[in-house]
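Colleague: I have a model to go through with you. Could we begin with the charged side chains and then move on to the aromatic ones?
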Amino acid sequence: MTAFMVAGATAALGAGWKWLQGWQQHESYVAEGKAPPVRSSREREQKRRQKQKRKLRKG
């Protein structure tokens, strides 16, 4: 049982490490102007709500 827990924790940490490296690379590209910044979920939600409001006003 312990071996499975250790294997699971190792896999999770490895995946987290890989994600962090990718995110840091993305931030580097944004700083250099090679990639557009990513919107936060709050910004995406606000834009979605604005679209819905405009749609309701039209029709």
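Modeller: A definition comes first: a salt bridge is a side-chain nitrogen of Lys or Arg within 4 Å of a carboxyl oxygen of Asp or Glu. Please note that this is a predicted model, in which local features need pLDDT of at least 70 and side-chain atom pairs count only at pLDDT 80 or more, while totals for chains, interfaces and linings use all residues. Residues are numbered from 1 along each chain as its sequence is written, and side-chain values use heavy atoms, with hydrogens and water left out.

Colleague: How many salt bridges does a search of the whole structure find?

Modeller: The search finds three salt bridges. One of them joins Arg48 and Glu45, at 2.4 Å from N to O.

Colleague: Where do Arg48 and Glu45 lie?

Modeller: Both are in helix α2, residues 41-58, and they are three residues apart, about one turn of the helix. Helices here are DSSP runs (H or I, at least four residues), numbered from the N terminus. An α-helix has 3.6 residues a turn, so residues three or four places apart point the same way.

Colleague: What else does Glu45 meet in a salt bridge?

Modeller: Glu45 also meets Arg49, with 3.3 Å from N to O. Glu45 and Arg49 are separated by about one helical turn because they are four residues apart in helix α2.

Colleague: Which residue forms a salt bridge with Glu32?

Modeller: Glu32 pairs with Lys34, and their closest N and O atoms are 3.2 Å apart. Lys34 counts as exposed because its relative accessibility is 62%, whereas Glu32, at 47%, is partly exposed.

Colleague: Now to helix α1. What does it reach from its first C-alpha to its last?

Modeller: Helix α1 covers residues 2-32, which is 31 residues, and reaches 45 Å, close to the 45 Å expected. The expected span is 1.5 Å times one less than the number of residues. Just after α1, Gly33 takes a positive phi of about 80°.

Colleague: Turning to the aromatic rings, how many aromatic pairs are there?

Modeller: The count comes to one aromatic pair. The rings of Trp19 and Trp23 have centres 6.1 Å apart and planes at 10°, so this pair is stacked. The rule takes rings of Phe, Tyr and Trp (its six-membered ring) with centres within 6.5 Å; planes under 30 degrees apart count as stacked, over 60 as edge-to-face and the rest as tilted.

Colleague: Why are Trp19 and Trp23 separated by about one helical turn?

Modeller: They are four residues apart in helix α1, which accounts for that separation. Trp19 is exposed, with a relative accessible area of 57%, and Trp23 is partly exposed, at 35%.

Colleague: Which residues form the nonpolar patch on the surface?

Modeller: Trp17, Trp19, Leu20, Trp23 and Val38 form it, with about 570 Å² of accessible area together. Patches are made of residues with over 30% relative accessible area and no salt bridge; like charges are joined within 9 Å, and nonpolar side chains (Val, Leu, Ile, Met, Phe, Trp, Tyr) within 5 Å. The areas come from the Shrake-Rupley method with a 1.4 Å probe, and for residues only the protein chains shown count as cover. Trp17 is found in helix α1 and is exposed, at 55%.

Definitions and conventions: Helices (H or I, at least four residues) and strands (E, at least two) are DSSP runs, numbered from the N terminus. Buried means under 20% relative accessible area, exposed over 50%, partly exposed in between (1.4 Å probe, protein chains only).
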